[in-house]
Every structure is written in structure tokens, then in C-alpha cells.
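Welcome! Take a look at the sequence and the model first, then read on.

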Amino acid sequence: MTATEFPNTPRGRHARELGGRCPVHGAALKVGPGFAARSELFPSHEFEAMQLALPFCLDLGESFEGGSRRDPTIVIWCPECVAAAPGFRSRQRP
């Protein structure tokens, strides 16, 4: 993956700064289609702790699965962070 493939978002810029690799696992970050919740979500303490430990798991409100309250978006993730996220289940997990 080249650094130019990351979207021009705060998360995309952070991924470019890291050379396209997860700072925890060293795995190449992936970019692809996903979905974002339309409603405003507020992180719990547990979610914030998980984000520190697994920085390239899906962000709050992001998903690989669509729904009536989700809009298409581009997501950036580390496969190992997503696999390690507690309670994460998806039939469409890449």
C-alpha cells in the first residue's frame, strides 16, 4: 500500500505519517469501503482504552456492514487490531 491511497482525513493523514503500518502490530494498514453511523456517538471509557491498545481497529461508529442508519464511507484498519477487538463480529470482516 502506498501512502497516497489513504483518504485526506485525520485518520488517513495519521496512517500516512506511520508509513501505512500499524504502530502496534507492524501490519500493513488496509483501506476499503465501509459504513459510518449517522448519529453522533460518544465513546465509553472501555472504547477509549481499546483505541489506545488497538489504534487501527475500526473507529467509533464505523462498520463493514451497512444498515438503514449508516452511510457509505472509506475505512482504514489493521486486520490484527480488528481481530483482537473484544466483541467484534462481522460476517463481512475482511
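## A first look

Both Phe64 and Trp77 are buried. Please keep in mind that this is a predicted model. The protein chain has three helices and three strands, and along the sequence they follow the pattern α-β-α-β-β-α. The points below take you through the aromatic pair, the sheet, the helices and the cysteines.

**The chain as a whole**

- Of the 94 residues of the protein chain, 33% count as buried.
- The accessible surface of the protein chain is about 5900 Å², and carbon and sulfur atoms account for 53% of that surface.
- Among contacts in the protein chain with a separation of 6 or more, 69% are between residues 24 or more positions apart.

**The aromatic pair**

- A pair of aromatic rings is described by the distance of the centres and the angle of the planes.
- The count of aromatic pairs here comes to one.
- Why is the pair of Phe64 and Trp77 called edge-to-face? The ring centres of Phe64 and Trp77 are 4.9 Å apart and the planes are at 75°, so the pair is edge-to-face; planes over 60 degrees apart count that way.
- This pair links distant parts of the chain, with Phe64 in the loop between β2 and β3 and Trp77 in strand β3, 13 residues apart.

**The sheet**

- In which order do the three strands of the open sheet lie? The order is β2-β1-β3, and the pairing is antiparallel.
- Strands β2 (62–63) and β3 (70–77) are the edge strands, each pairing on one side only.
- Strand β1 (residues 30–37) runs antiparallel to β2, and two bridges join them.
- Strands β1 and β3 also run antiparallel, with eight bridges joining them.

**Helix α1 and its two sides**

- Which residues of helix α1 (residues 10–17) are buried? They are Arg11, Gly12 and Ala15.
- An α-helix has 3.6 residues a turn, so residues three or four places apart point the same way.
- On the other side of α1, Pro10 and Glu17 are exposed.
- The cover over the buried residues of α1 includes α2 (45–53) and β3.
- Just after α1 comes Gly19, which takes a positive phi of about 70°.

- Gln51 is found in helix α2.
- Is Gln51 buried or exposed? Gln51 counts as buried because its relative accessibility is 17%, and the cut-off for buried is under 20%.
- Leaving aside neighbours within four places in sequence, Gln51 is in contact with Arg11, Cys57, Leu58 and Asp59. One of these, Arg11, is among the buried residues of helix α1.
- Ala84 lies in helix α3 (residues 79–84).
- With a relative accessibility of 45%, Ala84 counts as partly exposed.
- Ala84 and Met50 are 34 residues apart in sequence, and their C-alpha atoms are 9.7 Å apart in space.

**The cysteines**

- How many disulfides does the structure hold? The structure holds zero disulfides.
- Cys78 counts as buried, at 0% relative accessibility.
- Cys81 is buried too, with a relative accessible area of 0%.

Note on methods. Residues numbered from 1 in each chain as written. Predicted model: local features only at pLDDT ≥ 70, side-chain atom pairs only at ≥ 80, totals over all residues. Heavy atoms only, no water. Disulfide = S-S within 2.5 Å. Buried < 20%, exposed > 50% of the residue type's maximum accessible area, 1.4 Å probe, protein only. Pairing = 2+ DSSP bridges. Helix = DSSP H or I, 4+ residues; strand = E, 2+ residues; numbered from the N terminus. Contact = heavy atoms within 4.5 Å. Phe/Tyr/Trp six-rings, centres within 6.5 Å; stacked < 30°, edge-to-face > 60°. Areas by Shrake-Rupley, 256 points an atom, 1.4 Å probe, with all protein chains shown as cover.
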